[in-house]
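Reader: Could you walk me through how the helices pack here, starting with whatever background I need?

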Amino acid sequence: MGNRALAEVEKLVNINNRLLEICIYALIRNTKLYNHELDTLTKLEFMDIILNNLNDDTCTLRNKLLSKWEEPRS
């Protein structure tokens, strides 16, 4: 893959990650969780939840994110 193609792929990955992050905060708006600063691992877990459940409605996605937040960390 050429340098230009690699740069375009990196740009798309960055855009995708930013859009997922915006989705996270939109979904948890008006919850207690919204006022917490999310660490990188939590953001990545939340992004995975969204990506793996793209057919879910927003209420279901929000509940999945909140459930994940409530899970004890090991």
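Author: The expected span of a helix is 1.5 Å times one less than its number of residues. This is a predicted model, and in it the 13 residues of α3 should therefore span 18 Å, which agrees with the 18 Å between its end C-alpha atoms.

Reader: What caps the N-terminal end of α3?

Author: That is D57, which places a side-chain oxygen 3.0 Å from the backbone nitrogen of C59.

Reader: At what angle do the axes of α2 and α3 cross?

Author: The axes of α2, covering residues 40–52, and α3, covering residues 58–70, cross at roughly 145 degrees and come within 10 Å, and the crossing is right-handed. On the α2 side the contact is made by T42, E45, F46, I49 and I50, while α3 contributes L61, K64, L65, K68 and W69.

Reader: And by class, what residues are in that contact of α2 with α3?

Author: Six are nonpolar, one is polar and three are charged.

Reader: Switching to α1, how does its axis cross that of α2?

Author: The axis of α1, residues 3–27, comes within 10 Å of the axis of α2, and the two cross at roughly 90 degrees, which means that α1 is roughly perpendicular to α2. In this pairing N17, L20, E21, C23, I24, Y25 and L27 of α1 meet K43, F46, M47, I50 and L51 of α2, and by class the contact comprises nine nonpolar residues, one polar residue and two charged residues.

Reader: Which side chain does E21 make a polar contact with?

Author: The side chain of E21, a residue of helix α1, makes a polar contact with the side chain of K43 at 3.1 Å. Setting aside neighbours within four places in sequence, E21 is in contact with K43 and M47.

Note on methods
Residues are numbered from 1 along each chain as its sequence is written. This is a predicted model: local features need pLDDT of at least 70, side-chain atom pairs count only at pLDDT 80 or more; totals for chains, interfaces and linings use all residues. Side-chain values use heavy atoms; hydrogens and water are left out. Axes are lines fitted to C-alpha atoms, for helices over the stretch in contact, and angles run from 0 to 180 degrees between N-to-C directions. Helices (H or I, at least four residues) and strands (E, at least two) are DSSP runs, numbered from the N terminus. A crossing is left-handed if the near helix is turned anticlockwise from the far one by less than a right angle, and right-handed if clockwise. Contact means heavy atoms within 4.5 Å. Ala, Val, Leu, Ile, Met, Phe, Trp, Tyr, Cys and Pro count as nonpolar, Asp, Glu, Lys and Arg as charged, and the others, Gly among them, as polar. A polar contact is a pair of N or O atoms within 3.5 Å; within protein, one must be able to donate a hydrogen and the other to accept it, and residues adjacent in sequence count only if both atoms are side-chain atoms. Angles under 35 degrees count as roughly parallel, over 145 as roughly antiparallel, 65 to 115 as roughly perpendicular and the rest as oblique.
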